[in-house]
Amino acid sequence: MSETIFSKILRKEIPATVLYEDDLVMAFQDIHPQAPVHFLVIPKQPIVSLDSISGDDRGLLGHLQWVASKVAREQGLSEGGYRVVTNIGSHGGQSVSHLHYHVLGGRPMAWPPG
Ligand code: AMP
């Protein structure tokens with residue numbers, strides 16, 4: 001996997017507002033928030049997208065979702081609800097080639113997405 005902006009965030013070479021971090025994952029605020037609360041959850045392991053995971057990654061993916069839920073609760077999103085989305089490839093609208101879950105909340109979301 002090639003170097004991305006998220007690799008630099010993981011190495012603390014560029015700043016980010018980190019909401020959660022452990023040995024496996026990091027959650028940080030999106031720099032261009034699309035909702036009152038918008039953060040990203042990424043694995044530290046370099047995985048391009050959900051399209052490139054293997055069976056060995058199943059535990060990591062469960063952990064990513066657990067962290068998304070934990071931080072969403074801490075951010076006060078439980079009552080109103082929120083959205084978790086991961087974009088995959090060009091049709092999916094992925095701009096950073098490092099797997100990430102967006103967690104968006106604090107306003108009603110429309111469906112279908114654009
Ligand atoms: P995607 O388009 O699904 O690949 O999402 C990439 C996300 O990364 C976008 O929502 C960007 O705003 C966000 N992003 C890009 N650079 C940074 C950064 N330096 N810090 C935090 N979020 C970033």
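Biologist: Hello! Which residue has a polar side-chain atom 2.9 Å from an oxygen atom of the ligand?

Modeller: That residue is His100. The term to know here is a polar contact: a pair of N or O atoms within 3.5 Å; within protein, one must be able to donate a hydrogen and the other to accept it, and residues adjacent in sequence count only if both atoms are side-chain atoms.

Biologist: Before we go on, what should I know about the model and its numbering?

Modeller: The model is predicted, so local features need pLDDT of at least 70 and side-chain atom pairs count only at pLDDT 80 or more, while totals for chains, interfaces and linings use all residues. Residues are numbered from 1 along each chain as its sequence is written, and side-chain values use heavy atoms, with hydrogens and water left out.

Biologist: Which residues come nearest to the ligand?

Modeller: A residue is near if one of its heavy atoms lies within 4 Å. There are 16 residues around the ligand, and Asp30, Asn87, Ser95, His100 and His102 come nearest.

Biologist: Which helix gives the most to that shell?

Modeller: Helices (H or I, at least four residues) and strands (E, at least two) are DSSP runs, numbered from the N terminus. Helix H1 gives the most, three residues; H1 (5-10) and strand S2 (25-29) each supply at least two.

Biologist: Is Ser49 buried or exposed?

Modeller: Buried means under 20% relative accessible area, exposed over 50%, partly exposed in between (1.4 Å probe, protein chains only). Ser49 has 6%, so Ser49 is buried. Ser49 belongs to the loop between strand S3 (37-43) and helix H2 (58-74), and its side chain reaches the backbone nitrogen of Asp51 at 3.0 Å. Ala68, in helix H2, is buried as well, at 3%.

Biologist: What about Lys12: buried or exposed?

Modeller: Lys12 counts as exposed because its relative accessibility is 52%. Look for Lys12 in the loop between H1 and strand S1 (18-21). Its phi is near 60 degrees, a positive value in a residue other than glycine.

Biologist: Where is there a cis peptide bond?

Modeller: Between Trp111 and Pro112, with omega about 5 degrees. Pro112 is in the segment after strand S5 (101-105).
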